[in-house]
Amino acid sequence: MIPTDIAAVTDYEPHARARMGENAWAYIAGGSADETTLRWNVEAFSRLKLQAQALPDLRDVDTRVTLFGQTLAHPILLAPTAYHKLVHPEGELATALGAAALEAAMVVSTQASVTLEDIAAQSGAHPLWFQLYLQADRALSGALVRRAEAAGYRALVVTVDAPVSLRNREQRAGFALPPGVEAANLRGQPQPPVPEDERAALRALLASSARWADIAWLRGFTRLPILLKGITNPEDAERAIAHGADGIIVSNHGGRVLDTVPATIEALPAVAARVGGRVPLLLDGGVRRGTDALKALALGASAVLIGRPYLHGLAVGGAVGVAHVLKILRTELEIAMILTGRSTLAGIDRTVLWPEA
Ligand SMILES: Cc1cc2nc3c(=O)[nH]c(=O)nc-3n(C[C@H](O)[C@H](O)[C@H](O)COP(=O)(O)O)c2cc1C
Ligand SMILES: CC(C)CC(=O)C(=O)O
């Protein structure tokens, strides 16, 4: 049952927290180091002001968007997040059901707690994209890509911002995966031994981390559209295009990797200016309102993704909670479009924003 006091997606947060142990909460809610970027992601949206339009002459609002040849009912996608069984016993199966109900594309994490094949079976014909963490072993990365292709996934999202991270909140809580929650797609894969010595461990990690050459390799390996996720630096956006990326997700991993990088909505304009429409841009990080999605679209994104909000919905209401979170955001976006006088996403541009002096 969905609690009756929920009207906005952030209303799910305290309910989710109450249902989760401290361990899972530290993992889901936490960010990197002092969690400054985590806060900025949300705050930066609220600092952007909108320009209202009185008496808009509209007959309908159309939130459809076409990306990589796929028409989506609306521009709100589920970002890849690991281990959904941490918050709900059905894990990604419930998430996929909720996404399908609201016709939202779902990006499935490499570190999902249900196999990518089982999630695809649950989704039917509904659009799924697969998030790939390039593995130390190219054969293993290649095998994951072939599995995603065979299961009908329609795009690859390669996360490029997180070779390492620093999670003090998780450290303080002593975060560990509980029994029964695992990275199901990697089951049975031998993990390379981690050297005892810290410096040696770091060197081993760096030696096996993905490089730009791996992106070029991947481009030649699959025909699926490839998006690079985790770009805030315009130079990286340029490199992404040069290495064959079909799309870019402007993301700082929800403030979970390098603390004090700017909010994604702040980083977006410079990336958009550099990319100049050559490939579609998506954005995630701090999207909590339909107006946030509108602002991202105004500054050059074609769509947005949400992370923590749908995990809160999943924790509270399973598939219904995920669907409800998406429904709230979609309705809020429609309301924001009407009040700024836009009937289509294509009509959303910088003029929905208040011109700053
Ligand atoms: C609990 C959690 C797990 C995540 N796991 C992954 C992951 O497996 N792969 C990935 O690329 N990003 C992962 N992310 C980052 C999200 O894809 C996304 O960038 C971020 O959550 C967006 O910010 P938001 O939570 O403010 O909406 C994770 C984020 C959270 C909160
Ligand atoms: C398993 C982790 C690497 C997943 C992740 O990207 C995250 O927790 O932010």
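Ligand 1 is surrounded by 23 residues in this predicted model, and the closest are Ala-79, Ser-109, Thr-159, Gly-254 and Gly-307. A residue is taken as near a molecule if its C-beta atom, placed from the backbone, lies within 6 Å of it. Around ligand 2 stand Ala-82, Gln-111, Ala-162, His-253 and Arg-256. The table gives the make-up of both shells, with Ala, Val, Leu, Ile, Met, Phe, Trp, Tyr, Cys and Pro counted as nonpolar, Asp, Glu, Lys and Arg as charged, and the others, Gly among them, as polar.

| Shell | Nonpolar | Polar | Charged |
|---|---|---|---|
| Ligand 2 | two residues | two residues | one residue |

Residues are numbered from 1 along each chain as its sequence is written, and chains are lettered from A and ligands numbered from 1 in the order in which they are written. Because the model is predicted, local features need pLDDT of at least 70 and side-chain atom pairs count only at pLDDT 80 or more, while totals for chains, interfaces and linings use all residues.

The protein has a mean pLDDT (the predictor's confidence in each residue, from 0 to 100) of 96, and 100% of its residues reach 70 or more. The model's ipTM is 0.98 and its pTM is 0.98.

In an unreviewed UniProt entry, the annotation "binding site" covers Tyr-27, Tyr-133, Arg-167, His-253 and Arg-256. Such annotations may be inferred rather than shown by experiment. His-253 and Arg-256 are also among the residues around ligand 2.

Tyr-27 lies in helix α2, residues 22-29. Helices (H or I, at least four residues) and strands (E, at least two) are DSSP runs, numbered from the N terminus. Tyr-27 is buried because 23 other C-beta atoms lie within 10 Å; the cut-offs are 20 or more for buried, 12 or fewer for exposed, and in between for partly exposed. Beyond neighbours within four places in sequence, Tyr-27 is in contact (C-beta atoms, placed from the backbone, within 7 Å) with Leu-86, Glu-170 and Phe-175.

Arg-167 sits in the loop between β6 (156-159) and α7 (168-173). Arg-167 counts as partly exposed, since it has 18 C-beta neighbours inside 10 Å. With neighbours within four places in sequence left aside, its contacts are Gly-30, Ser-32 and Arg-256.

Helix α12 (residues 290-298) is mostly covered, with nine of its nine residues buried. The elements covering these buried residues include α3 (36-47), β3 (76-78), α11 (264-275), β9 (281-284), β10 (303-306) and α13 (308-339). After α12 comes Gly-300, whose phi is positive, near 120°.

Definitions and conventions. Two residues are in contact if their C-beta atoms, placed from the backbone, lie within 7 Å.
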